[in-house]
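Please work through the exercises below with the sequence and the coordinates at hand. Each task is followed by a worked solution.

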Amino acid sequence: MNFSSQTEEDFYKAHNKALFNEIQHFLSPEEASLIAFNDVKQLIKPINETYMGMKVIQIDKIIGSEGRYKDFDNHFFPKSNFLKTRWEKIDSAHINSIELPPIKVYEISGLYFVRDGNHRVSVAKSKGIEFIDADVVSLQSEIKLKQPDNMKDIIRQIVNYEKMVFYSETFFGDITDYWCLDFTTPGRYDVILNHILTHKYYMNQHKNEEISMEEAINSWFNNVYLPIVTVVRKKKVLRKFPRRTLGDMYVWIVRYWDELKQKFGDDINIEYVVEDFEKTHKIPLQKRIINQIKRIILRKAMYNNITDSIEDVKDIE
């Protein structure tokens, strides 16, 4: 087999793996998507940048891209045929043992994101290469991430880190004996802390001595948080919001409550707020059915696409 046939076959093998990956995750396509660097940067909020120079890095620790995250799947397999020409040139260089320039990456929380060299990473991953030369710029952060499968996993790790910091700095669990204040979105523990501090401020009005943080946390938990989540449990609202937590519902409902107060005044019952929130924010059954049908149609279209690609490879052979 000549080099042209070999590189073409290599590309289609990698391309078909991307298509199979998309089919396997057709109900949750984000799980097969390459992670966007800017999305992670916005979540982690690094302190500063440091140029680290040339390093040899593990390819398995390269989990995303700055600008080409839509072109490759989460394993860096090429998703589109328009990548073929460039991809095959890189592959040909590997076959002919031609030394390629180092890629450029950002390092953040122990993981790497490609600035330049996405095709080189894709070819290297498809060939099982373990290490690659890289020009590294490091973004400093206190958060250290374990190898994630997808963006959802990164969000989960960040939320867990934020929970650990919140509980350790406020002693919230020791004070309330409540260890399941959980969220599915980063930044919520800062919201809770702000709620507690606001509650503490109003408690201090007309007092000669400032109340302690422990007293404020206890008061907020028993007089603000628990009454709201008790109504959420009573109304069985979480059934309409799968994979969400009581903490999520608390933040959403308080925000919605504030919106209603601005429109209709302060005299609004919390049970009404919870019931109205459920009615106005849940996904209608008809829409859920339509979304399911769309997924089935998408899966069929992707299956036809990958079948055609496999036939193309057979023609090459």
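The exercises that follow concern a predicted model.

**Exercise 1. Overall composition**

Task: State how many helices and strands the chain has, and what share of its residues is buried.

Solution. Step 1: the secondary structure amounts to 11 helices and 6 strands. Step 2: of the 317 residues in the chain, 43% are buried. Step 3: the contacts can then be sorted by separation in sequence. Taking contacts between residues at least 6 apart in sequence, 73% join residues at least 24 apart.

**Exercise 2. The second largest pocket**

Task: Describe the volume of the second largest pocket, the helices that supply its lining and the classes of the lining residues.

Solution. Step 1: the volume of this pocket is about 490 Å³. Step 2: its lining consists of 20 residues, and Ile143, Tyr161, Glu162, Val165 and Asp190 are those nearest the centre. Step 3: at least two lining residues come from each of helix H2 (37-44), helix H5 (151-170) and helix H7 (188-203). The greatest contribution is that of H5, with 7 residues. Step 4: by class, the lining comprises 11 nonpolar, 4 polar and 5 charged residues.

**Exercise 3. The packing of H8 and H9**

Task: Determine whether H8 is roughly parallel or roughly perpendicular to H9, and list the residues that make the contact.

Solution. Step 1: two packed helices are described by the angle and the distance between their axes. Step 2: for helix H8 (residues 213-234) and helix H9 (residues 246-264), the angle is about 100° and the axes are 10 Å apart. Step 3: H8 is therefore roughly perpendicular to H9, since angles of 65 to 115 degrees are counted in that way. Step 4: H8 contributes Trp220, Val224, Tyr225, Ile228, Val229, Val232 and Arg233 to the contact, while H9 contributes Leu246, Gly247, Met249, Tyr250, Ile253, Val254 and Trp257. Step 5: the contact of H8 with H9 divides into 12 nonpolar, 1 polar and 1 charged residues.

**Exercise 4. Lys55 in a strand**

Task: Locate Lys55, classify its accessibility and give its contacts beyond four places in sequence.

Solution. Step 1: Lys55 is part of strand E2 (residues 49-58). Step 2: Lys55 has a relative accessibility of 33% and therefore counts as partly exposed. Step 3: leaving out residues up to four places away in sequence, Lys55 touches Tyr112, Ile132, Asp133, Ala134 and Val136. Step 4: Phe131 is 76 residues from Lys55 in sequence, with a C-alpha to C-alpha distance of 10.0 Å.

Technical notes:
Residues numbered from 1 in each chain as written. Predicted model: local features only at pLDDT ≥ 70, side-chain atom pairs only at ≥ 80, totals over all residues. Heavy atoms only, no water. 1 Å grid on protein atoms, 1.4 Å probe; cavity = no way out; pocket = protein on both sides within 12 Å on 5 of 7 lines; lining within 4 Å. Points joined across faces, edges and corners; volume = space filled by probe spheres on them. Helix = DSSP H or I, 4+ residues; strand = E, 2+ residues; numbered from the N terminus. Nonpolar A, V, L, I, M, F, W, Y, C, P; charged D, E, K, R; others polar. Axes fitted to C-alpha atoms, helices over the stretch in contact; angles between N-to-C directions. Parallel < 35°, antiparallel > 145°, perpendicular 65-115°, else oblique. Contact = heavy atoms within 4.5 Å. Buried < 20%, exposed > 50% of the residue type's maximum accessible area, 1.4 Å probe, protein only.
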